[in-house]
Amino acid sequence: MLVSGKEIMAVAKERKFAVPAFNAGSGQLLNAVMEACEEAKSPVMIAIHPDELSFLTDSFVDQVKYLANHSKVPVCIHLDHGASYEQVIHAIQLGFTSVMIDASHLPYEENIEISKKVVAAAHPVGVSVEAELGTIGDTGNTVEGGVSEVIYTDPKVAQDFIDKTGVDSLAVAIGTAHGIYPKDVDPKLRLDILEEIEKATDIPLVLHGGSSNPDEEIAKAVTMGVNKINISSDIKIVFANKLREILNGGNSEIREPNVLFPKCMEETKKVALEKIKLFNSIDQAKHYFN
């Protein structure tokens, strides 16, 4: 069932769980996470970054829509980190049901203006809008990007931003980073900041850079008001590692995609199921069907 971001997160906020938002950078990743969500009866957001969309081409969205329309769980198609108004409009025209405009690197008033402009275009056609306040870190080689130093979301201005833009969900910066942290870095979420933001705001909160943070911190964040968590690196790394293992296995004749990829997809599915459980999203799909 294809739904908007607002629809899928309203239930999550009411029932205190987080919808998994998996970055599907290929058809294999898409099928793996969809199988996991179907098996776990979990709602899901299929997140596609503009760089991923450029690689996969616009036709990939039709594949996602087909799966969504034939799925027994709620599915939202989400533009991840749209960098411009033009990218957002293109996504809406393709059939995305949720878009993110990431102007967090701009001055506050400029972030408000472009986010407000996106809302004005998206809401009349039933598309939800996510924006970001503060900045997410970047650990290295990811499509999502980020900054070298996190600027935490200011709880004192969060609701002002929501009121002035009309966005449906807010990505907050509380210490996460895109990618997998180096071994010498001990990631720690500022749950105290999250608590203040949740008290000051009235819309679902989003956590980006959810890969490789301690499970107990992520689980706690879910109980404190985070209703969507983005996962990209975790599912891609296990896929790539299994593929390397297969290719380095000594059989140089292996070349068919239906031989190369199934075991990689199984590894991705395992991680997806772990995240669904961590986010308290198992068996939550039933609450979307009245």
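Is Tyr-108 buried, partly exposed or exposed? Select Tyr-108 and find out: its relative accessible area is 25%, so Tyr-108 counts as partly exposed (buried means under 20% relative accessible area, exposed over 50%, partly exposed in between, with a 1.4 Å probe and protein chains only).

Before you click on, a word about what is on screen. This is a predicted model, where local features need pLDDT of at least 70 and side-chain atom pairs count only at pLDDT 80 or more, while totals for chains, interfaces and linings use all residues. Residues are numbered from 1 along each chain as its sequence is written, and side-chain values use heavy atoms, with hydrogens and water left out.

**Stop 1: Tyr-108 and its helix**

Stay on Tyr-108, which sits in helix H6 (helices are DSSP runs of H or I with at least four residues, strands are E runs of at least two, and both are numbered from the N terminus). Show its contacts, meaning heavy atoms within 4.5 Å. Leaving out residues up to four places away in sequence, Tyr-108 touches Leu-133, Val-157, Asp-160 and Phe-161. Val-157 is 49 residues from Tyr-108 in sequence, yet their C-alpha atoms are 9.6 Å apart in space.

Now select residues 108–122 for H6 and 155–165 for helix H7. The two pack at about 40 degrees, with axes 8 Å apart (axes are lines fitted to C-alpha atoms, for helices over the stretch in contact, and angles run from 0 to 180 degrees between N-to-C directions). H6 and H7 are therefore oblique to each other (under 35 degrees is roughly parallel, over 145 roughly antiparallel, 65 to 115 roughly perpendicular, and the rest oblique). Their crossing is right-handed: the near helix is turned clockwise from the far one by less than a right angle.

To see the contact, colour Tyr-108, Glu-109, Asn-111, Ile-112, Ser-115, Lys-116 and Val-119 in H6, then Val-157, Asp-160, Phe-161, Lys-164 and Thr-165 in H7. By class, that gives five nonpolar, three polar and four charged residues (Ala, Val, Leu, Ile, Met, Phe, Trp, Tyr, Cys and Pro count as nonpolar, Asp, Glu, Lys and Arg as charged, and the others, Gly among them, as polar).

**Stop 2: into the core**

Next, pick Phe-22, Ile-46, Phe-96, Val-99, Leu-170 and Ile-229, which have the most contacts inside the largest nonpolar core, a set of 66 residues (a core joins buried Ala, Val, Leu, Ile, Met, Phe, Trp, Tyr and Cys residues through side-chain atoms within 4.5 Å). Helix H2, residues 27–40, gives the most to this core, with six residues. Zoom in on Phe-96: setting aside residues up to four places away in sequence, its contacts include Ile-48, Leu-53, Val-61 and His-78.

**Stop 3: Ser-169**

Jump to Ser-169 in strand E7, residues 169–172. Ser-169 is buried, at 1% relative accessible area. Beyond four places in sequence, its contacts include Met-9, Val-129, Glu-130 and Pro-204.

**Stop 4: Ser-233 and H10**

Finish at Ser-233 in helix H10, residues 233–247. With 11% relative accessibility, Ser-233 is buried. Gly-209 is 24 residues away from Ser-233 in sequence, and 8.6 Å away in space, C-alpha to C-alpha.

Which way does H10 run against H12? Select residues 262–278 for helix H12: H10 and H12 pack at about 155 degrees, with axes 8 Å apart. That makes H10 roughly antiparallel to H12, and their crossing is right-handed. The residues of this contact divide into eight nonpolar, one polar and five charged.
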